[in-house]
Amino acid sequence: MNTRMHVRLPNGVLCSLRLNAVQDPWRELEHARWLRIIPATAANEVVAELLDAALLGQAPARPDRMRAADWALRVSSSSTARAIGPLPQLASAYLAAHADLRAGSGLSELDQMARACGVPLAELPTLLDQLAATGLLRSWQACPDSGDLHWTLAYGRGIHDAACTTRAAPGNADEGGARP
């Protein structure tokens with residue numbers, strides 16, 4: 001990103017992310033007012049203006065940005081994640097980024113995940129169920145009183161809390177939670 005908050009994305013990068021032929025994610029990001037597409041000066045790139053002024057105050061070092069970008073691509077590029085679409089890919093990257101990878105579990109607020117993924121709060125359970133059904137997520141629990149979201153990644157150990165609503169992926173009845 002430059003000082004005018006413009007970012008140039010080469011078509012090669014977009015092709016590797018499988019975003020070169022689809023317009024829906026760009027329209028959704030524009031509709032959510034996260035960015036604005038600008039006519040590119042070259043035919044082999046997409047140029048966007050980021051609309052969040054808070055980004056100007058952030059200055060992570062280039063190696064940190066490179067590691068973070070590499071990690072996000074690896075997490076969201078599994079064949080299963082690619083097959084289910086961009087929103088579940090984003091959600092799986094969010095869950096992995098906010099999980100304790102040694103324990104394989106995580107804790108966040110429901111509204112925080114919904115906001116970060118750009119999905120209405122009411123649609124978040126359906127998205128989490130989709131991730132569980134595809135095997136990217138072992139189980140998840142929503143505590144409506146506190147607004148907490150607990151989850152277990154497909155390769156981790158379970159979290160058990162009888163006070164919360166638990167959703168488990170099919171075949172994971174041994175998680176100790178109730179089935180949806």
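Is Asp100 buried, exposed or partly exposed? Asp100 has a relative accessible area of 38%. Buried would need a value under 20% and exposed a value over 50%, so Asp100 counts as partly exposed. Please keep in mind that this is a predicted model.

Asp100 has a charged partner. Its salt bridge is with Arg102, and the closest N and O atoms are 3.9 Å apart. Arg102 itself is exposed, at 77% relative accessible area.

How many salt bridges does a search of the whole structure find? The search finds three. As background, side chains of opposite charge can pair when their charged atoms come close.

Another of these salt bridges joins the side chains of Glu45 and Arg8, at 2.8 Å from N to O. This pair links distant parts of the chain, with Glu45 in strand S3 and Arg8 in strand S1, 37 residues apart. Glu45 is buried, with a relative accessible area of 15%. Arg8 is partly exposed, at 46%.

There is also a salt bridge between the side chains of Glu49 and Arg36, at 2.5 Å from N to O. Arg36 is partly exposed, with a relative accessibility of 40%.

In what order do the three strands of the open sheet run? The order is S1-S3-S2, and the pairing is antiparallel. S1, residues 6-10, and S2, residues 35-38, stand at the edges. Each of these edge strands has a single partner strand, so one side of each is left without a neighbour in the sheet. From one strand to the next, the twist averages 30°.

Between S1 and S3, which covers residues 45-50, there are five bridges. In that pairing, His6 has Glu49 of S3 as its bridge partner.

Now to strand S7, residues 148-153. Why can we call S7 largely enclosed by the rest of the structure? Because five of its six residues are buried.

S7 pairs with strand S5, residues 105-109, through five bridges, and the two run antiparallel. S7 also pairs with strand S6, residues 137-143, in the antiparallel sense, here over six bridges. Trp151 of S7 turns up in both pairings: it is the bridge partner of Gly106, and it stands opposite Trp140. S6 and S7 form a hairpin with four residues between them. In the turn, Gly147 has a positive phi of about 80°.

Last, the helix. After H7 comes Gly135, with a positive phi near 90°.

Terms used
Residues are numbered from 1 along each chain as its sequence is written. This is a predicted model: local features need pLDDT of at least 70, side-chain atom pairs count only at pLDDT 80 or more; totals for chains, interfaces and linings use all residues. Side-chain values use heavy atoms; hydrogens and water are left out. Two strands pair if DSSP finds at least two bridges between them. Axes are lines fitted to C-alpha atoms, for helices over the stretch in contact, and angles run from 0 to 180 degrees between N-to-C directions. Buried means under 20% relative accessible area, exposed over 50%, partly exposed in between (1.4 Å probe, protein chains only). A salt bridge is a side-chain nitrogen of Lys or Arg within 4 Å of a carboxyl oxygen of Asp or Glu.
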